[in-house]
Every structure is written in C-alpha cells, then in structure tokens.
Amino acid sequence: MTAYLNGQFLPLSEARISPLDRGFLYADGIYEVIPVYSRTPFRIDEHLRRLQSSADGIRLPNPHSNDEWRAIILRLIAETEFEDQTLYIQVTRGADIKRDPTFPKGITQTVFLFTAPLIRPTPEQRENGVATITAQDIRWGRCDLKTVALLPNVLMRQLSADAGCTETVMLRDGFLTEGSASNIFVVKDGIILAPPKDHRMLPGITYDMVLELAVRHGARHEVRPISEAELRSADELWITSSTKEVLPISTLDGQPIGHGALAGRPGPVTRQMQAWYSAFRDQVTRGADA
Ligand code: PLP
C-alpha cells in the first residue's frame with residue numbers, strides 16, 4: 001500500500017515517525033478521510049476546506065496550498081492499485097526534541113497520507129439497514145474540529161461493536177448530536193430533520209451533500225435541534241459518512257425504527273435519498289459536472 005510522509009512517496013510499511021511527534025504525545029493534529037471512486041476523489045474541495053478550518057481551529061499552520069494538496073492526493077491515488085479507495089490525511093504539529101505541551105518553535109508539521117481499499121457497506125446493510133445503540137456524548141466542546149483526539153469516539157464505537165451493532169448514536173443534554181463516526185438524520189411525517197451544525201458535531205461532508213440533495217429535489221427538510229423523544233419515535237433514521245454514504249438504521253437500542261409494516265425496514269424517504277446520493281456520486285465520479 002502506498003503512503004506519503006513529509007514529502008516522500010513510499011510503501012506504507014516503510015513509513016516512520018518520531019515517538020516525540022505531538023500527534024502521538026498529545027493528539028495534537030487533524031485529519032480527513034476522502035472517498036475515492038474510480039480514482040476520482042469525491043468532494044475534494046469540501047474536504048480541503050474542512051481540513052483548513054480544523055487547522056485554524058487548533059492554530060496549526062496548514063503546510064500546503066490546495067494546489068499542493070491536490071497534487072499529492074492525485075499522485076497517491078494514481079500510485080495505488082485499487083480503483084475505489086479511502087484516502088486518509090493527517091497533519092500534526094510535528095516532532096520536538098522534548099516533551100512540552102507549549103507549541104514548539106521551529107519545528108515542521110508531520111504530513112502523512114495513505115490509501116486503502118474503500119470498504120463500503122454491504123448490499124445487505126444498504127438494503128436492510130443496520131442496528132445501532134445510543135450513549136451519552138461525553139466529548140469535548142469542539143466536536144466541529146476533525147482532530148485526531150478520537151478516544152471518546154473509539155470508546156463509543158466499541159460500545160456498539162460489543163453490542164453487535166454498527167454505530168453508536170450520541171445524545172447530549174437530551175438532544176441528538178451525531179454518531180461515533182457519522183452524522184444522523186431523522187425522518188418524521190415525511191420531513192427530513194437534521195441537527196444544526198455547531199460545536200457539538202462534525203460538519204459532515206455527506207451531511208451537507210444530503211441537505212444539498214434535499215434542496216435540489218425539493219424534499220421537505222428542517223435543520224433544528226432534535227430531542228431524544230423525536231429520535232426514538234422517528235419514522236426513519238439514517239447514518240451519513242464519506243464511507244457509509246446514506247445507510248439506513250433498522251433498530252435503535254433494540255427497538256425497530258418506524259411503524260407498522262415498515263417497522264425495522266428502511267422507509268421511502270431513506271430509499272429516495274440513497275438513490276439521489278448514488279446518482280449524484282456516479283455522475284460526479286464519471287467526470288460529469290455537478
Ligand atoms: N461525525 C463524526 C464524528 C465523524 O467521525 C464523521 C466521519 O468520519 C462524520 C460525522 C461524517 O463526516 P463525513 O460525511 O465528512 O465523512
């Protein structure tokens with residue numbers, strides 16, 4: 001597998017960083033994950049924009065211009081054997097010669113990228129939905145920044161793995177925030193509901209994409225706080241992320257989502273959004289203008 005580290009393209013197994021790297025010592029860094037379809041990075045401009053705002057949020061100078069990032073990303077994609085890839089970017093504040101939390105002077109950022117085969121949800125998961133559980137959101141007050149300080153997300157995700165589920169849906173002060181590695185949408189009475197983007201959740205690229213598609217196709221939607229009661233009584237729920245795309249939720253804490261014949265089955269709004277999303281993605285990654 002090919003990687004890029006501080007100016008060099010090399011096999012992933014040969015990439016080495018210092019144990020004094022501030023990413024390792026303090027989780028002092030940021031990251032992005034870009035899905036690549038048929039060797040085309042999907043929504044690259046949006047991902048680079050979010051990388052910049054994460055960098056600004058932790059006062060980390062962005063080591064590259066967007067043109068430089070694009071050149072590195074495209075070369076890495078070209079040098080990798082898979083058509084569909086997950087491209088990972090991480091930038092940390094770099095490695096000092098001592099351990100001191102204060103920003104060191106005169107060190108350069110560590111820039112690391114690698115690609116892996118894109119693992120998409122299985123056809124069965126896309127068709128039938130996935131099981132989820134809820135948990136209290138115990139994270140810090142800047143969940144809008146995509147930093148590598150992911151221990152709370154790791155612990156949240158493990159809760160659902162232990163329960164045989166695919167994702168943990170988080171609640172803070174009685175309101176939906178997001179999943180451990182995804183955003184969550186609710187459908188009630190045919191209206192798509194999305195929690196507002198603020199410091200409590202990551203501004204997902206797929207979240208934006210879904211709202212864009214709702215606008216484009218005239219689907220009724222509201223961006224507003226969503227209470228736990230609304231989450232639990234939803235007609236439909238789905239997960240979004242760059243790798244999960246639009247993935248229906250079938251159960252929440254063991255309770256089927258939806259009512260009547262559709263209980264525990266993806267509903268019509270979810271199906272429609274999946275179709276719009278796939279059509280848009282295919283159009284863009286075939287090189288059409290969108
Ligand atoms: N929220 C969290 C906490 C995430 O880690 C992710 C993606 O990994 C998302 C939301 C979804 O973001 P995106 O659609 O940009 O992949």
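How many residues line the largest pocket, and which of them lie nearest its centre? I opened the notebook with that. The largest pocket is lined by 40 residues, and Tyr31, Val33, Lys146, Ser180 and Ala181 lie nearest its centre.

**Ground rules.** I am working with a predicted model: local features need pLDDT of at least 70, side-chain atom pairs count only at pLDDT 80 or more, and totals for chains, interfaces and linings use all residues. Residues are numbered from 1 along each chain as its sequence is written, and side-chain values use heavy atoms, with hydrogens and water left out.

**Pocket.** I used a 1 Å grid over the protein atoms alone; a pocket is an open set of points with protein on both sides within 12 Å along at least five of seven lines, and a cavity is a set where a 1.4 Å probe fits but cannot get out. Lining residues have an atom within 4 Å of a point. A volume is the space filled by probe spheres set on the points, which are joined across faces, edges and corners. The largest pocket comes to about 960 Å³. Elements giving two or more residues to its lining include strand 3 (29–37), strand 9 (175–179) and helix 6 (205–216). Helix 5 gives the most, with four residues. Helices (H or I, at least four residues) and strands (E, at least two) are DSSP runs, numbered from the N terminus. By class I noted 18 nonpolar, 14 polar and eight charged lining residues. Here Asp, Glu, Lys and Arg count as charged, Ala, Val, Leu, Ile, Met, Phe, Trp, Tyr, Cys and Pro as nonpolar, and the others, Gly among them, as polar.

**Ligand.** I looked next at the 17 residues around the ligand (a heavy atom within 4 Å). Arg50, Glu178, Ile205, Thr206 and Ser242 come nearest. For polar contacts I took pairs of N or O atoms within 3.5 Å. A polar side-chain atom of Thr206 lies 2.6 Å from a ligand oxygen. The side chain of Arg50 has an N or O atom 2.8 Å from a ligand oxygen. For Lys146 the value is 3.4 Å. Taken alone the ligand exposes 390 Å², and the protein buries 91% of that (Shrake-Rupley method, 1.4 Å probe).

**Cavity.** I found one cavity of 30 Å³ or more. About 40 Å³ of space lies in the largest cavity. Its lining includes Pro35, Phe42, Ile205, Thr206 and Ser242. Helix 6 gives the largest share of that lining, three residues.

Six strands form an open antiparallel sheet in the order 2-1-6-5-3-4; strands pair if DSSP finds at least two bridges between them. Strand 2 (8–11) and strand 4 (40–41) stand at the edges with a single partner strand each, so one side of each lacks a neighbour in the sheet.

Key:
Polar contact = N/O pair within 3.5 Å; in protein donor to acceptor, adjacent residues only side chain to side chain.
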